[in-house]
Amino acid sequence: MADKVLMKGNEAIAEAAIIAGCRHYFGYPITPQTEIAAYMAKKMPKIGGVFLQAESEIAAINMVYGVASAGKRVMTSSSSPGVSLKGEGLSYLAGADLPSLIVNVQRGGPGLGGIQPSQSDYFQATRGGGHGDYHMIVLAPASVQEMAELTIKGFELADTYRMTSMILADGTMGQMMEPVALDLKVNPAPEKPWATTGTKLQREHNIINSLSLIPEELEKFNFDRYERYKIVEEKETMYEEYMMEDADICVTAFGIAARVSKNAVDEARKRGIKAGMIRPITLWPFPVAPFAKAADKVKEFISVELSMGQMIEDVKLATSCKRPVTLCNRAGGMIPDPEQVLRAIEAAAKNGGVR
Amino acid sequence: MVVFEKPHALTDVPMHYCPGCLHGIVHRLVAEVIDELGIEGKTIGIAPVGCSVMAYNYFNCDMIEAAHGRAPAVATGVKRADPENHIVFTYQGDGDLASIGMAETVHAAARNENITVIFINNAIYGMTGGQMAPTSLPGQVTQTSPYGRDPKLCGYPVRVCEMLSELEGPEYLERVTVADVKNVRNAKKAIKKAFQNQIDGKGFSLIEVVSTCPTNWGMTPQKAIDWLKENMLAYYPLGVYKDRSAAKEEAK
């Protein structure tokens, strides 16, 4: 087994990005993700990479757009209010089919909100974040090890599907320290014949663009893009099932909420309640299959979230509302404790799925 | 015998610009410079949002279409992706560069980003049908200043070259026009220098080209040229606003 290093989640993302071959990082300071920028500022100059503190999140995402156009692995990171500013750029990246990695270490909102952990950007992330029809691949790590692994996965998926990958973490994941194994395998970036790197007078000029004024043409681009999204849904959906074989009550949560919920599931089992958990790892594509399967067996679903209830809508869709789905949540920077989740499990077990 | 050819750096695609528009002249000047410097194969151009949004169809080099005002940030990314092998220029109008993209413009200049910016100032938003621009003159009638631009209500036009010249960062700032032959020749010299500066690693060069918009000014092309000379050049004097290398030479 490889040696492990004790790292903050934010640092694990930064180190994993470097391992993935990312040599261009652009960011703007915002709590609770600034360690990523600090790490890059220290490391990039020593390995021939570029760290640049942009004048705004808007500028940072457009610098990402520039490097992505030139065909190189590139990333930016921010936290909720900053990601709102990047929304325009996210839409343009999607419209131009450019691969990149965006990190959102979420904090409580709306507005300036707070600086404590939150998952209230779920809608923004899974529905695209900007204007127009598009998706990002949204990855939700639940450990510092996963912060590293999903960062690499994010770069690979972005390149394979010419999409933006987003790491949707939260303040806890960013700030907490855990041992990480960094002997991570990386698929190198594929050839990018579409990139604008100069024609060298050897080929027709490449154009990176999201404008098409002919509606028939623009419609075709949208339909083609969604064909690609269908392949992502079929091949790249990731989730973890925990004690779901015989579960009566299905807890579902991602990120830090999943860590808390796992404890509650263990405690419920000790008390004789058959609880289990589905942890989506990709939030888009959402793991519909395990929920659809579980909807025929379990009595009730509980969506545990650090928000006013956002993922719960996808759970209801994935289960076709066959069984009740209840919300167990905290918001504004608060985190549910295992006790709260346990009480929700016990209430569900008592109700037996009748609401 | 061919005595006048299209520059290689221009495509053969018919341009969409209105009759009398000066974009065609500036496109040609940029293309001639790219040809003369032999840099087409390593040049990447960034098109703006505005009338010249489809510039990506007209230049033969690799092209990127940026979000409104963000071209200098996109250019920063492209340049830094491969500084040795990329020559990067942006081509932007006044709304794009001096209004929505002002922050990106100022900071690219402040960083002395090694790029070339071609800035077309015609004092109006053309593509959207003639609204007041950050560079519209006091009293100028536009769709969104139908009684004439009132400085008491919406302030004064921005002089970009003068403003940027206060920064330590930029290498070269010059305001030119393409309103007549003599000035076209001068504009080409300035554009060439702006690209040469980048090749020489000197940093940020911006050429502001005072231009017209016959369609949205509601004038014939000739009348628009006259209006430019009488009004625009009075508010936007031509000249070099910063030339760091020349200043250094002089200091020796």
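**View 1. Confidence of the prediction.** The predictor assigns the complex an ipTM of 0.97 and a pTM of 0.97. For chain B the mean pLDDT is 97, and 100% of the residues of chain B reach 70 or more.

View 2. Chain A is built from 12 helices and 15 strands. The C-alpha trace of chain A spans about 70 × 50 × 40 Å along its principal axes. Does the radius of gyration of 21 Å fit a compact globule or depart from one? It agrees, because a compact globule of 355 residues would have a radius of gyration near 20 Å. Of the 355 residues of chain A, 55% count as buried. Among contacts in chain A with a separation of 6 or more, 79% join residues 24 or more positions apart.

**View 3. The seven-stranded open sheet of chain A.** In chain A, seven strands make an open sheet with the order S3-S2-S4-S5-S7-S6-S13, and the pairing is mixed. Strand S3 (50–53) and strand S13 (282–284) of chain A are the edge strands, each pairing on one side only. From one strand to the next, the twist averages 20 degrees. Strands of a sheet pair through backbone hydrogen bonds, in either a parallel or an antiparallel sense.

View 4. Strand S2 (residues 24–27) of chain A pairs with S3(A) in the parallel sense, over four bridges. Which residue of S3(A) stands opposite Gly27(A)? The residue opposite Gly27(A) is Gln53(A).

**View 5. Two helices lying across strands of chain A.** Helix H4 (residues 80–95) of chain A lies across strand S4 (74–78), strand S5 (100–106) and strand S7 (164–170) of chain A. The angle between H4(A) and S5(A) is about 160 degrees. Helix H6 (residues 144–161) of chain A lies across S5, strand S6 (137–139) and S7 of chain A. H6(A) runs at about 160 degrees to S7(A).

View 6. Chain B contains 10 helices and seven strands. Along the principal axes, the C-alpha atoms of chain B fill a box of roughly 50 × 50 × 35 Å. The radius of gyration of chain B, 17 Å, agrees with that of a compact globule, because 252 residues in such a globule would give a value near 18 Å. Of the 252 residues of chain B, 54% count as buried. Residues 24 or more positions apart make up 67% of the contacts in chain B with a separation of 6 or more.

**View 7. The side of chain B that touches chain A.** Contact between the chains involves 30 residues of chain B and 32 residues of chain A. Strand S1 (43–47), strand S2 (62–65), helix H2 (71–81) and helix H4 (102–110) of chain B each supply at least two residues of the side of chain B that touches chain A. Which element gives the largest share of this side? The largest share, eight residues, comes from H2(B). By class, this side of chain B has 14 nonpolar, eight polar and eight charged residues.

**View 8. Strand pairing between the chains.** Strand S9 (residues 207–208) of chain A pairs with S2(B) in the parallel sense over two bridges. Ile208(A) has Ile64(B) as its bridge partner in S2(B). S2(B) also supplies at least two residues of the side of chain B that touches chain A.

Methods:
Residues are numbered from 1 along each chain as its sequence is written. Chains are lettered from A and ligands numbered from 1 in the order in which they are written. This is a predicted model: local features need pLDDT of at least 70, side-chain atom pairs count only at pLDDT 80 or more; totals for chains, interfaces and linings use all residues. Two residues are in contact if their C-beta atoms, placed from the backbone, lie within 7 Å. Ala, Val, Leu, Ile, Met, Phe, Trp, Tyr, Cys and Pro count as nonpolar, Asp, Glu, Lys and Arg as charged, and the others, Gly among them, as polar. Two strands pair if DSSP finds at least two bridges between them. The radius of gyration is taken over C-alpha atoms; the globule rule is 2.2 Å times the number of residues to the power 0.38. A residue is buried if 20 or more other C-beta atoms lie within 10 Å of its own, exposed if 12 or fewer, and partly exposed in between; C-beta atoms are placed from the backbone. Axes are lines fitted to C-alpha atoms, for helices over the stretch in contact, and angles run from 0 to 180 degrees between N-to-C directions. pLDDT is the predictor's confidence in each residue, from 0 to 100.
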